[in-house]
Protein chains: 2
Amino acid sequence: MTSKQIRNPEATREALLEAAEAVFLEKGFGNTSLSDIARRADITKSLIHHYFNSKEGLWQEIKTRRFMVYADRQLEIIQDAEPSVELLRASLVFYFDFLKRNPQIVRILAWIFLENDNYDCMQKDKELIDIGLQKVKQAQAAGEIRDDVDARFLLFVFIGLCQHWFQDKEHFIADFGTDGLPEKLDDGYLEAIIKIFFEGILPRKR
Amino acid sequence: MTSKQIRNPEATREALLEAAEAVFLEKGFGNTSLSDIARRADITKSLIHHYFNSKEGLWQEIKTRRFMVYADRQLEIIQDAEPSVELLRASLVFYFDFLKRNPQIVRILAWIFLENDNYDCMQKDKELIDIGLQKVKQAQAAGEIRDDVDARFLLFVFIGLCQHWFQDKEHFIADFGTDGLPEKLDDGYLEAIIKIFFEGILPRKR
DNA sequence: CTATTAATTGGTCGGCCGATTAATAAAATA
DNA sequence: TATTTTATTAATCGGCCGACCAATTAATAG
């Protein structure tokens with residue numbers, strides 16, 4: 001009755017990554033023990049060290065893996081964007097939609113912030129920012145966007161409005177409720193920030 | 001030579017709170033040990049249990065204490081605000097300025113909502129939100145603010161623009177640099193979000 | 001002044017943490 | 001098939017964690 005057990009190193013490695021990410025993002029790095037992860041993945045604790053050397057190494061791999069997807073996608077979004085208001089708006093929708101489908105990245109960023117985790121992948125982020133910055137400046141030079149606000153602040157608000165939503169969405173629901181809001185809450189918020197960001201909050205003149 | 005040492009329970013208690021807050025906010029709850037705190041405060045570890053029963057109790061007290069100051073101040077800000085655009089702008093400045101002088105609160109808030117265990121704080125926050133919401137709705141009814149955006153989203157963006165800055169300011173500086181920006185970076189950002197939030201990003205027509 | 005309470009100290013406890021090791025079994029290689 | 005490599009397991013390590021306790025000393029109440 002000795003069932004010949006099959007081995008699949010890549011699968012177990014992936015299972016560990018998956019379980020670890022779930023627990024880390026829920027409780028944070030410091031509040032998570034390797035036993036937690038092993039239990040969740042139903043894999044022996046020792047295998048974590050076998051594949052990732054250390055708890056820190058595991059966390060690092062989770063972060064970089066997610067971040068690379070994030071960076072690649074963001075690069076596409078930015079590069080496709082033309083310096084016109086229309087396409088800038090499309091970029092915002094793309095970016096928002098990406099975060100919506102990959103909420104983990106927002107939580108990772110949140111934990112990095114909270115636990116003062118000096119994450120070195122920020123070099124890549126800087127490069128992305130620089131590209132986006134050029135687009136905004138071009139749009140400003142073309143008169144498509146007001147130029148009395150520094151382009152950096154514009155881009156920062158752009159990014160922040162999206163990230164902040166997925167970071168504090170729970171908070172929003174708890175405090176504000178959802179009565180009378182579209183069942184697709186995300187889309188409702190997106191519509192709102194597009195209006196505010198691209199039109200301003202003053203009543204229309206015409 | 002036995003120097004008669006004086007005791008000051010309130011002072012030591014306060015010293016413990018101060019040290020604990022510093023370390024907790026720097027490294028996070030899970031990454032902090034009671035030894036860290038005791039060492040920093042130069043007070044025996046046992047006294048932490050004497051005053052706060054447990055590590056969790058200490059953390060809980062730090063959070064609620066800061067939050068209460070936050071809530072009180074925010075109540076003042078909100079209550080003073082009249083449903084006019086001018087006074088709403090003043091409220092934003094007040095709120096921003098408060099966060100600027102109490103940067104800890106941003107981190108604490110992030111934790112309170114990440115570990116949704118603090119019922120008192122959540123409840124109180126909800127009450128504050130409701131008051132602010134009424135003001136916004138009044139302003140909308142008076143035609144001072146556009147009413148084609150749900151008041152909840154407006155308030156959420158209002159708060160988020162301020163909080164997000166103090167949460168990710170470091171990232172901004174690292175990624176964007178500060179060349180050509182006012183040496184008072186906070187004020188520069190505040191000016192920017194006022195322009196964007198209250199006027200929109202489209203070029204002026206007049 | 002005495003008795004009681006509260007603050008402070010140092011030492012100690014069991015337990016879990018992350019990490020390591022040695023042994024075993026499956027895969028890959030030759 | 002024989003041999004090497006790699007995946008997996010279980011047992012174990014020292015260390016530090018949070019918590020507790022007993023003794024000491026200052027402050028306070030009577």
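The following paragraphs describe the chain A and chain B interface, the surroundings of DNA strands C and D, and the salt bridges of a predicted model.

Residues are numbered from 1 along each chain as its sequence is written, chains are lettered from A and ligands numbered from 1 in the order in which they are written, and side-chain values use heavy atoms, with hydrogens and water left out. Because the model is predicted, local features need pLDDT of at least 70 and side-chain atom pairs count only at pLDDT 80 or more, whereas totals for chains, interfaces and linings use all residues.

Chain A is superposed on chain B by a rotation of 179° with 0.1 Å of shift along its axis, the RMSD being 1.1 Å. This is the relation of a two-fold axis. The superposition is by least squares on the C-alpha atoms of residues with pLDDT of at least 70 in both copies.

In the interface, 62 residues of chain A are in contact with 65 residues of chain B, contact meaning heavy atoms within 4.5 Å. Of the interface residues of chain A, 97% are also interface residues in chain B, so the copies meet through the same surface. The size of an interface is often given as the accessible area lost when the parts come together. Between chain A and chain B the buried area is about 5900 Å², and carbon and sulfur atoms give 66% of this area. Buried area is the accessible area (1.4 Å probe) that two parts lose on being put together, summed over both.

Four salt bridges are found across the interface of chain A and chain B, a salt bridge being a side-chain nitrogen of Lys or Arg within 4 Å of a carboxyl oxygen of Asp or Glu. B:R146 forms a salt bridge with A:E199, with 3.2 Å between the closest N and O atoms. Polar contacts across the same interface of chain A and chain B involve 17 residue pairs, both residues at pLDDT 80 or more. A polar contact is a pair of N or O atoms within 3.5 Å; within protein, one must be able to donate a hydrogen and the other to accept it, and residues adjacent in sequence count only if both atoms are side-chain atoms.

On the side of chain A that touches chain B, two or more residues come from each of α6 (103-114), α7 (122-141), α8 (151-176) and α9 (185-199) of chain A. Helices (H or I, at least four residues) are DSSP runs, numbered from the N terminus. The most residues, 18, are given by α8(A). By class, this side of chain A has 30 nonpolar, 14 polar and 18 charged residues. Ala, Val, Leu, Ile, Met, Phe, Trp, Tyr, Cys and Pro count as nonpolar, Asp, Glu, Lys and Arg as charged, and the others, Gly among them, as polar.

DNA strand C is surrounded by 21 residues, the closest being A:L34, A:H49, B:T44, B:S46 and B:Y51; a residue is near a strand if one of its heavy atoms lies within 4 Å of it. Of the atoms of DNA strand C that come within 4 Å of the protein, sugar and phosphate account for 59%. An N or O atom in the side chain of A:S46 is 3.5 Å from a base oxygen of DNA strand C. For phosphate oxygens of DNA strand C, the corresponding distance is 2.9 Å for A:H49 and 3.0 Å for A:K55. The elements giving two or more residues to the surface near DNA strand C are α2 (34-41) and α3 (46-52) of chain A together with α1 (9-27) and α3 (46-52) of chain B. The largest share, four residues, is that of α3(B).

Around DNA strand D there are 21 residues, of which A:T44, A:S46, A:Y51, B:R7 and B:L34 come nearest. Sugar or phosphate holds 64% of the atoms of DNA strand D within 4 Å of the protein, and bases hold the rest. Phosphate oxygens of DNA strand D lie 3.0 Å from an N or O atom in the side chain of A:T12, 2.5 Å from a polar side-chain atom of A:T44 and 3.5 Å from a polar side-chain atom of A:H50. The most residues near DNA strand D, four, come from α3(A). This surface divides into five nonpolar, twelve polar and four charged residues.

Over all chains, 32 salt bridges are found. A:R39 forms one with A:D36, the closest N and O atoms being 3.5 Å apart. A:R39 and A:D36 are separated by about one helical turn because they are three residues apart in helix α2 of chain A.
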